[in-house]
Every structure is written in C-alpha cells, then in structure tokens.
Amino acid sequence: MHRMSLGDTGTRGYFLPLLLVCCWKVSAAGVADYDDYSFNGTDENQPEQPNCLYPRSIPGEVVTENNTSFLHISKKSRASLDGTLTVVVLPSFYTLIFLIGLPANALALWVLTTKVEKLPSTVFLINLATADLLLCLLLPLKISYYFLGNHWPFGEAMCRFTTMAFYCNMYCSIILLACISMDRYFAVAHPFFARSFRSSAFAMGICAVVWVVAVLFTLPLTVHRQSFPLYRTKQTLCHDVLPWEQEEQHYYYFIILIACGFLTPFLIMVFSCGVTLWVLLGSGEKYAMAAKLTALMLISVTAFYSPSHILLLLDYSRSCLRKEGMFYVPYMASLALSTCNSCVDPFIYYYVSEEFRLKVKRRLFGHRKDSAVSIKTSKETLPSKTFHHSHCPG
C-alpha cells in the first residue's frame, strides 16, 4: 500500500493567514509610495466614495467624454490596482498554477476517459478533472491581463465570458466535490441503500445538473458590462472596477451565490466527510489511508475556498467596512489561492493511487493494451463488502 503523509497540511494552516497579511501589507505599502493620480495633484477632484464598498471589485464613477464612457477612481484605488502584488505577484502565481494544473488535469482526464472502467466514482472524477482543466485554460488570459498592468486587450465579449467562466468552473468544482463526498458517504455508511441507485447513469445525470446549476449561478455576470477604460489612461479594466450602481445591483446576487454555491456544498462536505471518517477510523488500521485522504480532501477545500468567501461575507455583512477598494487586493489574493485546488485535486484523487500512476506510465511510455478495469483512486479506497456486511444493521 502506498503511503501518504499529512504533515504538510499543518503548514498550510500557517501559510494561509500569512499570505493574507502579506497581501494587506503590500497593498498598504503601495498606497504610501504611489504617485498622485489626481488631476491637480490633490484629492479635490477625486470621485466621492460611496458609503459601502465591496471587495469583489472597486466601484468607480462613470465619466462620459467624447461619447465614450470611462471610469474614474481615486489615487488610492489606482495604487491598489497598479501595485507590485497585482501586476507581478498575482500573474506569477497564476503562471505557476497553470504550469502545474494544466498537464496534471489533462493527463488525468486522458487516463480516466480511456483506461478506467466507467464506475459512478469515475464519472464524478472525469467531470471534476474537466472543470479543473477548463479553469486552468482560462488562466493565460488573466496572466496576460495582470502582466500588461491591468489592461484588457481582448474585448468586452471575452471579458464577460472569462469572468463568468472563471466563477462557473470554480463553483462547479465545489459542488462536484460535495457530490463526491456524498457518494463516498453513501458507499461507506449506507452500502445497501447506495446499491439501489448508485450507477454510472445516475452519476452522469447528477453531473449534468451540476453543470447546468453552475452556469445558471454565474450567467448574470454576463448581463452587465464588465470592461471599462480608465479615465485619462490607456488602460482598459476587466471586472476590477465597476460603476457604483452596478455594484449595488450585485449585492444580493453575490449573497445568494455564496450561500448556494459555497456554504451549502461546504456544509454537505463537512457532514459527509465527518461521518465517513468516523466509519473508516472505527474499522481500524486497514482503512487508515482512506481516512487520511478523506481528511485531506476536506482540509484542501477549507484552506483554498474559504478565505475568499469569508472575506466577501464579512464585508457584505457590515456596512462601511472598507473604503476606496483597499480591501480588494487581499480578496484578489484569496481568489488566486482558490485556483490552487485545481492543482491539488489530481494528486488527491488520482495520482495518489499507485495503480493509477502505473496506468499513466503505460499510457505515456508503454504499448500494452490493458483492459478497462477499476482502479483504486482515493474515491474508491473504500471498505470491502465484508466490512459493509459486518457494519450494517440487520
């Protein structure tokens, strides 16, 4: 049996708050050292800030000149956008995620679709790998945008699509992870009941519903304009700065999105993983590996997806919490952190299996034609039928 240590997960608990603190310090330092971007070198002509601003984007004032609409923001907001963290650290981080996540998910998807028996677990894993892969494919656009100094040269339609697709794939991954945890919960805690409905066709139906729900959740992001030229600059911003009125309209939308797209799936995962862990740990050392992987799955979701949603909830739940978009940079960092899950998923669900790694090697370097058989990914590392019979009532 292959071994896996969870020692590294402890450091993640220290890394996450440290990253957010560093992001705050960098953004604050950028404001202190930044040049004055006001028209006359003072704040007299700066747009008056609304009472309550949100971290998801920086609200700006619409200015019309020569029949063209621009957005005008304060010098402090400009400093947040053009600081080192935004134009250097974030695109570099996204580049690293892209270089790891793209080949890892593409290779996993290739093996899952060609060399693995289409069990219910396989169907869920194929869809998870697809969502993570699509998210990685969007990253080059965001990388170019930030490296160009927050300039979007790809047009309004592509800005809307990229914004919608980024959130869509993120929430699709979260909901699929909840489905995987529930599937595993039924297989471990209620094996006889699960046998009555747990099939590949049922899993495909659930995945289709998940994709439709994720698209419907994020489709409103395509209704409003997302890209605006910044007043008296050559920059065109995408989703970073939006009119105040548009931010007001998005308030309730994002509250619903957080509740339905993150909190509900997360609570489902906490329940199902908790019960699964209790059953596996009660079975002794034989299923210690499966228990560790279940715990690691819950830890990774908590570490990577919680920060951005917590920041949104905190800011939406209190009035006048932040001014001039200063809280936007830490949120951007936490949103970038969420993409780490697309890199971690392949190693938790696929490459942790020695048999899966063997299939990858044979697919890449070998010429043997293996029959399509089940592999013991972390999803399938479940108690045996003997365990099910001995632990089920009746």
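**Pockets, cavities and contacts**

Modeller: The second largest pocket holds about 290 Å³ of space. This is a predicted model, in which local features need pLDDT of at least 70 and side-chain atom pairs count only at pLDDT 80 or more, while totals for chains, interfaces and linings use all residues. Residues are numbered from 1 along each chain as its sequence is written, and side-chain values use heavy atoms, with hydrogens and water left out.

Colleague: What do a pocket, a cavity and a volume stand for here?

Modeller: Rolling a probe the size of a water molecule over the atoms shows where empty space is left. On a 1 Å grid over the protein atoms alone, a cavity is a set of points where a 1.4 Å probe fits but cannot get out, and a pocket is an open set with protein on both sides within 12 Å along at least five of seven lines; lining residues have an atom within 4 Å of a point. Grid points are joined across faces, edges and corners, and a volume is the space filled by probe spheres set on the points.

Colleague: Which residues lie nearest the centre of the second largest pocket?

Modeller: They are Ile175, Ala178, Cys179, Met182 and Ile206, out of a lining of 22 residues. Helices H4 (120–147), H5 (156–189), H7 (200–218) and H8 (244–281) each supply at least two residues of that lining, and H7 gives the most, with 7 residues. Helices (H or I, at least four residues) and strands (E, at least two) are DSSP runs, numbered from the N terminus. By class, the lining has 18 nonpolar, 2 polar and 2 charged residues; Ala, Val, Leu, Ile, Met, Phe, Trp, Tyr, Cys and Pro count as nonpolar, Asp, Glu, Lys and Arg as charged, and the others, Gly among them, as polar.

Colleague: How many cavities of 30 Å³ or more does the structure hold, and what is the volume of the largest cavity?

Modeller: There are 5 such cavities, and the largest cavity has a volume of about 180 Å³. Its lining comprises 15 residues, and Lys142, Tyr146, Thr163, Cys238 and His239 lie nearest the centre. H4, H5 and helix H10 (328–338) each supply at least two of the lining residues, with the largest share, 4 residues, coming from H5. The lining divides into 9 nonpolar, 3 polar and 3 charged residues.

Colleague: Which cysteines does a disulfide join?

Modeller: A disulfide is a covalent bond between the sulfur atoms of two cysteines; the rule applied is a pair of cysteine sulfur atoms within 2.5 Å. The count by this rule is 1 disulfide, joining Cys159 to Cys238 with an S to S distance of 2.0 Å. The torsion about this S-S bond is about 105°, so the disulfide is right-handed. Cys159 lies in helix H5 and Cys238 in strand E4 (residues 236–238), so the pair ties together parts 79 residues apart in sequence. Cys159 is buried at 0% relative accessibility, and Cys238 is buried at 9%. Cys179 is in no disulfide, and the nearest cysteine sulfur, that of Cys207, is 6.7 Å away.

Colleague: How are aromatic pairs described, and how many does a search of the whole structure find?

Modeller: A pair of aromatic rings is described by the distance of the centres and the angle of the planes. Rings of Phe, Tyr and Trp (its six-membered ring) pair if their centres lie within 6.5 Å; planes under 30 degrees apart count as stacked, over 60 as edge-to-face and the rest as tilted. The search finds 15 aromatic pairs. The rings of Phe70 and Tyr231 have centres 5.8 Å apart and planes at 65°, so this pair is edge-to-face. Phe70 is buried, and so is Tyr231. Elsewhere, ring pairs link Tyr185, Phe186, Phe193, Phe197, Phe202 and Phe271 into a cluster.

Technical notes: Buried means under 20% relative accessible area, exposed over 50%, partly exposed in between (1.4 Å probe, protein chains only).
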